[in-house]
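Please consult the sequence and structure shown here alongside the text.

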Amino acid sequence: MLDFTSLLIASAWAQDAATSTAPSGGGSSSTSMLMNFAPLLLIFAVFYVLIIRPQQKKMDEQAKMIKALRRGDRVITTGGIHGKIAKLDGDDNLIVEIADNVQIKILRSAVQGLAAKTDPTVANDAEDAEKKNA
């Protein structure tokens with residue numbers, strides 16, 4: 001039978017070791033150790049479910065969004081600047097147009113979110129028209 005006082009008060013095994021070489025009760029020492037670690041395991045499980053897992057999902061979605069950025073997408077930077085991607089400059093940089101004829105160069109990682117995603121067909125048509133004009 002489970003004694004609730006043994007959960008709250010730790011047994012002094014060192015005193016028992018002086019009188020006998022094996023703890024009384026046979027397998028009760030392994031059960032006692034498991035009961036001592038159960039609250040820690042429960043706390044870790046709750047932290048994982050409520051904090052760690054949702055944060056990992058959010059980071060994965062952010063990374064996917066950053067990789068999928070295209071020319072013409074309207075973005076919001078971590079500094080709060082709203083703009084439209086004018087050009088992809090290499091793997092890590094973007095040229096963002098924040099006003100008429102005002103462009104800034106930012107890192108992809110500085111993009112916090114999308115304000116509006118462009119339609120791929122519209123972006124391709126705009127690129128084709130720009131190539132014809134050049």
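## Salt bridges

Lys117 has a relative accessible area of 46% and is therefore partly exposed. The model under discussion is predicted. The side chain of Lys117 forms a salt bridge with that of Asp73, at an N to O distance of 3.3 Å. This pair links distant parts of the chain, 44 residues apart: Lys117 belongs to the loop between β5 (111–116) and α4 (120–133), and Asp73 to the loop between α3 and β1.

A search of the whole structure gives 2 salt bridges. Besides the Lys117 pair, Lys105 forms a salt bridge with Asp89, and their closest N and O atoms are 3.1 Å apart. Lys105 is located in strand β4 and Asp89 in strand β2 (residues 82–89), so this bridge ties together parts of the chain 16 residues apart in sequence. Lys105 is exposed, at 54% relative accessible area, whereas Asp89 is partly exposed, at 25%. Side chains of opposite charge can pair when their charged atoms come close.

## Overall architecture

The protein contains 4 helices and 5 strands. Read from the N terminus, the order of these elements is α-α-α-β-β-β-β-β-α.

Of the 134 residues in the protein, 13% are buried. The accessible surface amounts to about 10,500 Å², with 61% of it belonging to carbon and sulfur atoms. Among contacts with a separation of 6 or more, 41% are between residues 24 or more positions apart.

## A buried strand residue

Thr77 is part of strand β1 (residues 74–77). Its relative accessibility is 6%, so Thr77 counts as buried. Neighbours within four places in sequence aside, Thr77 is in contact with Ile106, Ala110, Val111 and Gln112.

## Surface features

A nonpolar patch on the surface is formed by Leu42, Ile43, Phe44, Val46, Phe47, Tyr48, Val49, Leu50, Ile51 and Ile52, which together have about 970 Å² of accessible area. Phe47, one of the patch residues, is placed in helix α3 (residues 28–67). With a relative accessible area of 45%, Phe47 is partly exposed.

Asn101 occupies the loop between β3 (93–99) and β4 (102–107). Although Asn101 is not a glycine, its phi is positive, at about 60°. Asn101 counts as exposed because its relative accessibility is 78%, over the 50% cut-off.

Methods
Residues numbered from 1 in each chain as written. Predicted model: local features only at pLDDT ≥ 70, side-chain atom pairs only at ≥ 80, totals over all residues. Heavy atoms only, no water. Helix = DSSP H or I, 4+ residues; strand = E, 2+ residues; numbered from the N terminus. Buried < 20%, exposed > 50% of the residue type's maximum accessible area, 1.4 Å probe, protein only. Contact = heavy atoms within 4.5 Å. Areas by Shrake-Rupley, 256 points an atom, 1.4 Å probe, with all protein chains shown as cover. Patch = residues over 30% accessible without salt bridge, like charges linked within 9 Å, V, L, I, M, F, W, Y side chains within 5 Å. Salt bridge = Lys/Arg side-chain N within 4 Å of Asp/Glu carboxyl O.
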